[in-house]
Amino acid sequence: MGYKIVIVGATGNVGHEMLNILAERQFPVDAIEVLASRKSLGTEVSFGDKTLKTKDLDTFDFTGWDMALFAVGSEATKKYAPVAAKAGCVVIDNSSLYRYDPDIPLIVPEVNPEAVHDYKNKNIIANPNCSTAQMVVALKPLHDRAKIKRVVVSTYQSVSGGGKAAIDALWDETKSIYNPTDNKTQDVFTKQIAFNVIPHIDVFMEDGTTKEEWKMVVETKKIVDKNIKVTATCVRVPVFVGHSESINIEFEEFLDEDEARDILREAPGIMVIDKREDGGYVTPIECVGDFATFISRIRQDSTIDNGLNLWCVSDNLRKGAALNAVQIAELLGRECLKKG
């Protein structure tokens, strides 16, 4: 016996990926519905070899459904997630709305699977920010061995993290540079994104950090360890899919780079590609469509007593969003609902 699954926001980038990954991983589905706003009503989406038509989120009855994977913004989530949860359908939410609620578990299955049992608090589970998800997969096995004191991370985040409009903006700007008569006004990013980088993701906060940077700090503390100090600089780069991160880690005790490499090779969800030669590392274009978080450039940091540097790359639409949500659904089914 399988599960009755609802995908909310099925016509968006992440919703499409959720459907693809459910099919790829052969998630035990007894029934599935795809929901969207009224402007997208009737739009067809693919699920394996099936074609599904979207139904109206506003009128849908969640009673009798096991799980709802939400891939919509915080405003829509705020309206509809409590409706689904109250009807007995467990919500797995990809927005930022519930991540910082102490009663709602924020889960990366490779890192804190035990937190899934707390879904009962409100019948809601939160999916972390894309840049946080891949980083904590890399941090956790190292933290278990040597205890992390501090993390300094700089991100190189693809435009797909900003949705379809951001992807279109990069494409249109690039074309307009090669064809100057095709002028494109900038209305998605604060500055030109084509052939440029922008050190600004989400809104600025009073202390000068951006909200994306703040998210990485508080989410890492909630998922891994509240005592870890984190400082982040988040940058949007002209890449369509795939987030990259340069991570500097300071430990409480010495951890040799060779041992760190071995630990990461054995860790769930990680692929280590780390050869000290031309091309012996992973770049965003190579990780697209893959489930893994890739780690390269592992090396000692000689400027501090117990430091390591590494390079972390992942498909942000997968591990950073849809894949993690499906993994949470698998974990919830396996540990709690036990139907599949």
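**Entry 1: a glycine in a loop**

I began with Gly 64 and set aside its neighbours within four places in sequence; that left contacts with Lys 4 and Ala 87. A reminder to myself before going on: this is a predicted model. Gly 64 belongs to the loop that runs between β5 (55-56) and β6 (67-70). I looked up its accessibility too, and Gly 64 is partly exposed, at a relative accessible area of 46%.

**Entry 2: an alanine in α2**

Next I went to Ala 76, which is part of helix α2 (residues 74-86). Is Ala 76 buried, exposed or partly exposed? Its relative accessibility is 26%, so I noted Ala 76 as partly exposed. I took one distance here as well: from Ala 76 to Lys 39, 37 residues away along the chain, the C-alpha atoms are separated by 14 Å.

**Entry 3: α1 against α8**

Then I turned to helix pairs. For such a pair I want two values, since two packed helices are described by the angle between their axes and the distance between the axes. Helix α1 (residues 13-24) packs on helix α8 (residues 318-337) at about 50 degrees, and the axes are 9 Å apart. The two helices, α1 and α8, are therefore oblique to each other. I noted the crossing of α1 and α8 as right-handed. From α1, the contact uses Val 14, Glu 17, Met 18, Asn 20, Ile 21, Leu 22 and Glu 24, and from α8 it uses Arg 318, Ala 321, Ala 322, Leu 323, Ala 325 and Val 326. Sorted by class, the α1 and α8 contact holds nine nonpolar residues, one polar and three charged.

**Entry 4: α3 and its two partners**

The axes of α3 and α5 are 9 Å apart, and the packing angle is about 40 degrees. That angle makes α3 and α5 oblique to each other. Their crossing is right-handed. Which residues make the contact between α3 and α5? On α3 I listed Cys 130, Ser 131, Thr 132, Met 135, Val 136 and Leu 139; on α5 I listed Glu 212, Lys 215, Met 216, Glu 219, Thr 220 and Ile 223. The α3 and α5 contact divides into six nonpolar, three polar and three charged residues.

The other partner I looked up was α6. Helix α3 (residues 130-146) and helix α6 (residues 257-266) have axes that come within 9 Å and cross at roughly 125 degrees. That makes α3 oblique to α6. The crossing of α3 and α6 is right-handed. Here Ala 138, Pro 141, Leu 142 and Arg 145 of α3 meet Glu 259, Ala 260, Ile 263 and Leu 264 of α6. By class, I wrote down six nonpolar residues, no polar ones and two charged ones for the contact of α3 with α6.

**Entry 5: the nonpolar cores**

How many residues are in the largest nonpolar core? I noted 57, and those with the most contacts inside this core are Phe 62, Phe 70, Leu 142, Val 151, Ile 247, Ile 295 and Leu 310. Helix α3 came up again: it supplies the largest share of this core, eight residues. A separate core of 36 residues lies apart from this one, with Leu 69, Val 90, Ile 107 and Leu 332 among its members.

I followed up on Ile 247.

**Entry 6: two positive phi values**

Last, I checked the backbone. Phe 195 is not a glycine, yet its phi is positive, at about 55 degrees. Phe 195 sits in the loop between α4 (164-178) and α5 (211-223), and it is exposed, with a relative accessible area of 55%.

Arg 297, also a residue other than glycine, has a positive phi near 55 degrees. I found Arg 297 in strand β13 (residues 293-301). With a relative accessible area of 42%, Arg 297 is partly exposed.

Conventions
Residues numbered from 1 in each chain as written. Predicted model: local features only at pLDDT ≥ 70, side-chain atom pairs only at ≥ 80, totals over all residues. Heavy atoms only, no water. Axes fitted to C-alpha atoms, helices over the stretch in contact; angles between N-to-C directions. Helix = DSSP H or I, 4+ residues; strand = E, 2+ residues; numbered from the N terminus. Parallel < 35°, antiparallel > 145°, perpendicular 65-115°, else oblique. Left-handed = near helix turned anticlockwise from the far one by under 90°. Contact = heavy atoms within 4.5 Å. Nonpolar A, V, L, I, M, F, W, Y, C, P; charged D, E, K, R; others polar. Core = buried A, V, L, I, M, F, W, Y, C linked by side-chain atoms within 4.5 Å. Buried < 20%, exposed > 50% of the residue type's maximum accessible area, 1.4 Å probe, protein only.
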